[in-house]
Amino acid sequence: MTGVSMTGGRTDWLIYAGLIGFGLLGPVLFPAYTNQIAVMWLMILMASTWDVMGGQTGYNSLGNIAFFGIGMYASAVVQIALFYDVGEYTAAFGAIKVDFTDAQYFGGLALGLGAAGIVAAVVSVLVGLCVFGLRGPYFAIGTLGVAVAMAELIAGWDYVGGGGGISMPVFPGEAGASSLAFYAMFFVLAISAHLLLRWLYSTQFGLALNAIRDDEDKAEAMGLHTLRYKLIGWAIAAFFMGIAGAVFGNMIGFIEPLEVAFPTTTFGIFMVAMALLGGKGTLWGPVLGAILFHVVKELTWTYLLGWQWVALGALIIVNIVYFQQGILGWAADTWPAAFGLKVDDGGNGDASTAKTREAAE
Amino acid sequence: MTNIIELRDVSKAYGGVQANTDVSIDVPVGKITGLIGPNGSGKTTLFNSIVGYHPIDSGSIKFEGKEISKLRVPQIARLGMLRTFQQTRIYSKMNCLDNMQISVSHREETAGSMFAPRDRGEIVERAERLLEFVGLYAKRRLVSGDLSFGQQKLLEFAMALMNQPKVLLLDEPTAGINPTLINGLIDRLKLANQELGVTLFVIEHNMRVIMNLAEQISCLAHGQLLATGTPDEIQNDQRVVDAYLGAH
């Protein structure tokens with residue numbers, strides 16, 4: 001199952017039109033929900049990039065959230081260091097109010113986002129060299145350990161404020177303008193990541209990831225550079241997670257290691273749950289899962305307050321125990337022909353060659 | 001150079017069990033060579049040693065004159081030596097065509113070949129031709145794990161050919177395939193050898209198949225090389241008859 005398209009090109013483009021239309025009109029029609037919709041795009045980005053390794057390659061990482069936090073901190077350090085001493089800035093715990101000019105703020109933000117993506121990708125390669133020797137549950141636990149360790153390391157590093165965190169440079173202009181700006185960044189990130197992955201899965205590279213998922217030993221026996229594919233795949237995911245973390249840090253305005261930068265028990269688990277809900281190993285499953293999950297999450301927070309974690313936990317358990325293939329995986333099992341999985345003797349009804357083939361068999 | 005693989009005094013022990021002792025076999029280039037022997041005689045161990053699955057204890061394995069006993073599995077595969085498995089291994093959740101397309105050679109990998117679009121161009125044409133060659137063309141869009149065992153074996157064979165190897169090591173290619181398909185498989189193995197120029201080294205228990213196929217056969221017993229010769233010589237070798245073939 002390659003999962004490049006659901007039923008064909010036309011349906012895909014209709015979905016894109018719907019998503020992009022909603023992305024553009026959403027904050028105009030529902031201005032009160034701009035931040036919630038921004039987080040929805042973040043969730044789509046998280047689930048889609050998690051699926052590169054988790055779904056397509058069969059390496060279930062519980063540590064992708066580490067790249068989110070690394071990107072967040074990399075960006076913060078760059079944004080401050082361009083114009084101020086980072087150690088002094090963080091030691092004052094927000095008491096120093098640096099007035100960034102508009103040009104300084106936006107220049108710093110642009111450089112910060114770029115640095116976030118690059119640093120996260122580089123760290124993913126270094127970590128990958130260590131953990132890609134692990135397989136199955138060992139890889140999952142190993143990567144979870146990496147994420148937890150990153151949070152602890154940052155918490156103990158005074159230069160970046162330790163456990164006390166960093167107050168981010170303040171977005172110039174009105175409050176409404178800042179939330180629209182960060183909304184736009186998440187929207188563009190999610191759509192561009194999705195299109196990049198769509199292309200990636202349509203190449204030989206996507207097949208290599210699937211081959212590693214199905215039988216890594218066989219892939220090695222066929223001469224595949226398995227480590228190279230895994231490192232590049234993870235670095236792509238880390239690159240986007242790093243930028244997303246940087247945007248999120250600036251949107252929140254204050255970052256600290258445990259709850260904001262490395263939320264292993266919330267976003268770190270959500271991204272896995274969302275991909276599983278929609279159908280891992282497919283292009284659209286993580287998108288569908290993220291939207292559904294986000295809606296359910298917001299509803300439980302509104303109507304089941306106090307029990308919201310129980311409800312969410314129940315959803316995850318039911319999903320993992322009874323519905324592992326996810327919505328799109330279930331659909332592909334139920335209607336295989338709609339997903340292109342069918343006997344096909346060439347399409348032009350050439351009976352004579354079909355017969356020769358049968359005879360040859 | 002006439003021998004593409006040269007084994008000299010290859011020994012391998014698993015703990016106290018001596019799986020191979022001083023085995024020396026030559027595989028001539030462009031020919032079909034057979035390897036027979038009772039169960040547990042060390043045939044699959046020898047294949048695993050050749051393709052780099054585990055390091056040998058002593059001896060030498062040369063491929064095209066180059067020592068390969070210290071290389072790792074994917075490196076040896078990229079030199080042009082592939083093996084198929086006794087327990088068939090394919091990419092079971094991918095369709096047959098995708099299985100074929102990812103089986104191209106990775107000898108010279110560039111960014112261009114890593115990110116080449118699939119389902120078009122020379123690769124997919126060759127994949128479809130080979131699927132037709134093994135009789136799986138109509139099933140090319142089916143998930144390969146849903147095929148019958150025999151069809152999966154044919155797919156695995158086609159995947160190996162897709163890689164354009166110089167040598168193919170086949171571990172019991174006819175095991176589990178129904179008798180009517182076996183003749184077709186023998187023909188295809190011979191065609192691959194003659195027309196594609198692939199040297200074959202085959203483990204086989206079906207004596208009719210191996211005697212028909214191979215030009216030279218080696219027989220192992222208790223991890224040691226018992227005899228090497230033409231099918232006729234092997235069939236009439238008293239040691240081979242005693243150890244393996246049995247009296248008729």
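Mentor: In this predicted model, the centres of domain 1 of chain B and domain 2 of chain B, taken over C-alpha atoms, are separated by 25 Å. Local features need pLDDT of at least 70 and side-chain atom pairs count only at pLDDT 80 or more, while totals for chains, interfaces and linings use all residues. Residues are numbered from 1 along each chain as its sequence is written, and chains are lettered from A, and ligands numbered from 1, in the order in which they are written.

Domain 1 of chain B consists of 1–80 + 165–248, and domain 2 of 92–108 + 117–164, with bounds from an automatic or database domain assignment. Where these domains are in contact (C-beta atoms, placed from the backbone, within 7 Å), domain 1 of chain B gives eleven residues and domain 2 of chain B gives twelve. On the domain 1 side, the largest share, three residues, comes from helix H7 (residues 179–195) of chain B, a helix being a DSSP run of H or I of at least four residues, numbered from the N terminus. That side of domain 1 of chain B has seven nonpolar, two polar and two charged residues; Asp, Glu, Lys and Arg count as charged, Ala, Val, Leu, Ile, Met, Phe, Trp, Tyr, Cys and Pro as nonpolar, and the others, Gly among them, as polar.

Chain B also touches its neighbour, for 36 of its residues are in contact with 29 residues of chain A. The largest share of that side of chain B, four residues, comes from H2(B), and by class the side has 16 nonpolar, nine polar and eleven charged residues.

Notes
Contact = placed C-beta atoms within 7 Å. Helix = DSSP H or I, 4+ residues; strand = E, 2+ residues; numbered from the N terminus.
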